[in-house]
Amino acid sequence: VVAMGAGLGALTAHLLAKGARVHAVERDRDLVPLLRARFVDDVGQSRLTVHEDNALTFSLEVLADGGALAGNLPYHHAAQIATRALEAWPKIGGACFLVQLEVGARMAAKPGTKDYGSLSIALQSRFDVALAHVVPKGAGWPVPDVDGGVVTMRSLAEPRGGAHDLATLEKLARTAFQQRRKTIRNALKALVDDAAFAAAAIAPQTRPEDVDVASWGKLAATVGSTRTTTTTT
């Protein structure tokens, strides 16, 4: 398990107690020696490796197949760090994060809801995502200004909607949700033609928020295939 933003090791202690081999990532140089001192036996027996590094850029190559990401994420970077799970898919088994409740709702949102958007689509294209618990702001210290949410992410064997390029999916979703009140045809008119919508079985008059993740995946596959064919030709 890679523990993102390990802090003083509250989560790390539980992971070690469960038998996990942990890579604790902490950028605060004052906390790193405290972590190593607290878990000196685990470090000595190679159950724990402490990295003075940034969770936003830390290399995930240390993850073994079936490993996981976990962490109480800084709220202002929660979405950025959570999406790093996409970099490690399909190698990892999943992830579990404590994030700002608003971000957790967006990560796990279903089609047709106000929270559903490009973040929901990207993560759910490769993971089963659930908002497992709501954590009241008074439950932690220092006390945050907002409530938190524990989000679980379990890896899918295959992308929803079939094999497709993640970058293409993210570009389509981001573009569409910048104009979420428009029909998907009008929102994506510069990127997608009616033939692609037909191939993905998406009615062009549908709004982006009403298109499920699997259909977004099919659309990304169709658009990616069309671009490859055009480039080759």
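The following legends describe close-up views of a predicted model.

Figure 1. Two or more lining residues come from each of β1 (2-4), α1 (10-17), β2 (22-26), β4 (68-72), β5 (94-100) and β7 (148-155). Helix α1 gives the largest share, four residues. By class, the lining of the largest pocket has 28 nonpolar, ten polar and six charged residues.

**Figure 2. The second largest pocket holds about 210 Å³ of space.** Among the residues that line this pocket are V1, A68, G93, C96 and R154. Strands β4, β5 and β7 each contribute at least two residues to the lining. Seven of the lining residues are nonpolar, three are polar and one is charged.

**Figure 3. Y116, F177 and W216 form one aromatic cluster.** A pair of aromatic rings is described by the distance of the centres and the angle of the planes. Y116 and F177 form an edge-to-face pair, with 6.1 Å between the centres and 80 degrees between the planes. Y116 lies in the loop between α6 (101-108) and α7 (118-124), whereas F177 belongs to helix α8 (residues 166-177), so this pair ties together parts that are 61 residues apart in sequence. F177 and W216 form a tilted pair, 6.1 Å centre to centre and with 35 degrees between the planes. This second pair links helix α8 to helix α11 (residues 213-232), with F177 and W216 39 residues apart. Y116 is buried at a relative accessible area of 0%, F177 is buried at 12%, and W216 is buried at 0%.

**Figure 4. The charged end of R126 sits over the ring of W89.** The distance from this charged end to the centre of the W89 ring is 5.5 Å.

Definitions and conventions. Residues are numbered from 1 along each chain as its sequence is written. This is a predicted model: local features need pLDDT of at least 70, side-chain atom pairs count only at pLDDT 80 or more; totals for chains, interfaces and linings use all residues. Side-chain values use heavy atoms; hydrogens and water are left out. Ala, Val, Leu, Ile, Met, Phe, Trp, Tyr, Cys and Pro count as nonpolar, Asp, Glu, Lys and Arg as charged, and the others, Gly among them, as polar. On a 1 Å grid over the protein atoms alone, a cavity is a set of points where a 1.4 Å probe fits but cannot get out, and a pocket is an open set with protein on both sides within 12 Å along at least five of seven lines; lining residues have an atom within 4 Å of a point. Grid points are joined across faces, edges and corners, and a volume is the space filled by probe spheres set on the points. Rings of Phe, Tyr and Trp (its six-membered ring) pair if their centres lie within 6.5 Å; planes under 30 degrees apart count as stacked, over 60 as edge-to-face and the rest as tilted. Buried means under 20% relative accessible area, exposed over 50%, partly exposed in between (1.4 Å probe, protein chains only). A charge sits over a ring if NZ of Lys or CZ of Arg is within 6 Å of the ring centre and within 35 degrees of the ring normal.
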